[in-house]
Amino acid sequence: MKSIVVLGLGKVGALAGELLHAAGFTVTGMDMETAPAELPFETRRHDLADLTQLTGELRNTDAVLSCLPYHLNAAVAEAAHAAGIHYFDLTEDVPTTKAIRDLAETSAGLMAPQCGLAPGFVGIVGADLIGQFDDCRMCKMRVGALPQHPTGLMGYSFNWSPEGVVNEYLNDCEVLEDGQIKTVSPMEWIEKLYINGTELEAFTTSGGLGTMCETYHGRVPNMDYKTMRYPGHVALMNFFFHELLMRDRRREAGEILVNAKPPVDDDIVYVHVSAEGRIDGALERREFVRGYKPMALAGRSRTAIAWTTACSVVGIIELVRDGVLPSAGFLKQEDVPMAAFLQTGTGRAYAAQGEV
């Protein structure tokens, strides 16, 4: 794998392209709009909704990375499948991932969705913790992308795709409870936790576990994923979506929320993953707790959510190129070895930052 097309050149897509370029890939970036002039790789304007034209473009590359809104990814995956190339994306959308998994049964290349932060890196961490136990009884994964200096009752800024956030807040969530795979409502199971003295609340959201419930069914009886926010956020979101019925107007809901809470540069990504079980017969608890802040990459400062997401997917692409991961079929994030990931050129960013 030497060449790759990156679709969508927002903050995450542009940075991913730069990191791939620095890692030795021949990168072509495509976006509906004119790309930033300072990017060090070829860029083109492209109607990304034109599947026929996109399939033709992809026949001239080895892989494609979709950094597009989740509802466009299934079509991109079909184009990659038709072209016989590797496919990577950042989606949290469960139906999209199931469609891509079906394609993987007959794919010539690797089909690897969910390669971002959550799902993505958090699953790599969770699998690593579970693997440390002889008998793991529980794994809890928590991620929060937040402003460092929150204002207002919501205490939030939309540094991530509004479509993705709304999707996570409204779609059902898969969990393992008492050994059974169950579906539960989003924005429920509210709990309080602290990271380095900062109080946070966590609640169920969709998609963060990826394929982990299926993988660990029969092995880990209790597993769930929750989003972390500052206290009071989930009550306001339940009011907004359910009492004001904005759940029926998702696009407008995203526009309202971004208008009220636009992105900030000083953000922080909290990751809190814990597991409990027995090691040599003794009950133990292991934790991975980090607070990732903006850092300089490829010559300029990047927001925490941008670099954590971009570094996750680029690290996985490096592992595929280097033969550490398979070159065909379907990739589960929990099958990515954490030690190898942290040794990649981009995965090292996770090891260099975040101690709390």
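Colleague: Where is the place of Asn196?

Modeller: This is a predicted model. Asn196 sits in the loop between β10 and β11 (198–204).

Colleague: What is the phi of Asn196?

Modeller: The general idea comes before the case. Most residues other than glycine have a negative phi. Asn196 has a phi near 50°, a positive value in a residue other than glycine.

Colleague: Is Asn196 buried or exposed?

Modeller: Exposed, because the relative accessible area of Asn196 is 66% and the cut-off for exposed is over 50%.

Colleague: Which loop holds Trp189, and what is its phi?

Modeller: Trp189 is in the loop between β9 (180–184) and β10 (191–195). Its phi is positive, about 50°, although Trp189 is not a glycine. Trp189 counts as partly exposed, because its relative accessibility is 32%.

Colleague: Now the backbone bonds. Which peptide bond is cis?

Modeller: Most peptide bonds are trans. The bond from Ala118 to Pro119 is cis, with omega near 5°. Pro119 lies in the loop between β6 (110–112) and α5 (121–130).

Colleague: How do I read the overall fold? How many helices and strands are there in the protein?

Modeller: The protein has twelve helices and 17 strands. Its C-alpha atoms fill a box of roughly 50 × 50 × 35 Å along the principal axes. For 356 residues, a compact globule would have a radius of gyration near 21 Å; the protein has 19 Å, so the value agrees. As for burial, 56% of the 356 residues count as buried.

Colleague: Which contacts join residues at least 24 apart?

Modeller: Take contacts between residues at least 6 apart in sequence. Of these, 67% join residues at least 24 apart.

Colleague: What is Phe88 in contact with, leaving aside its neighbours within four places in sequence?

Modeller: Its partners include Met1, Leu65, Leu110 and Cys115. Val313, Ile316, Ile317 and Val320 are also among them.

Colleague: How many aromatic pairs does a search of the whole structure find?

Modeller: The search finds eleven. One is formed by Tyr169 and Phe241: 6.3 Å centre to centre, with 85° between the planes. That pair is edge-to-face, because planes over 60 degrees apart count as such. Tyr169 lies in helix α6 (residues 162–170) and Phe241 in helix α8 (residues 233–243), so the pair ties together parts that are 72 residues apart in sequence. Both residues are buried.

Colleague: Which residues do ring pairs link into a cluster?

Modeller: Phe121, Phe288, Tyr292, Trp307, Phe341 and Tyr350. Phe288 has another partner to look at. The charged end of Arg290 sits over the Phe288 ring, 4.1 Å from its centre.

Definitions and conventions: Residues numbered from 1 in each chain as written. Predicted model: local features only at pLDDT ≥ 70, side-chain atom pairs only at ≥ 80, totals over all residues. Heavy atoms only, no water. Contact = heavy atoms within 4.5 Å. Phe/Tyr/Trp six-rings, centres within 6.5 Å; stacked < 30°, edge-to-face > 60°. Helix = DSSP H or I, 4+ residues; strand = E, 2+ residues; numbered from the N terminus. Buried < 20%, exposed > 50% of the residue type's maximum accessible area, 1.4 Å probe, protein only. Lys NZ or Arg CZ within 6 Å of the ring centre and 35° of its normal. Rg over C-alpha atoms; globule rule 2.2 N^0.38 Å.
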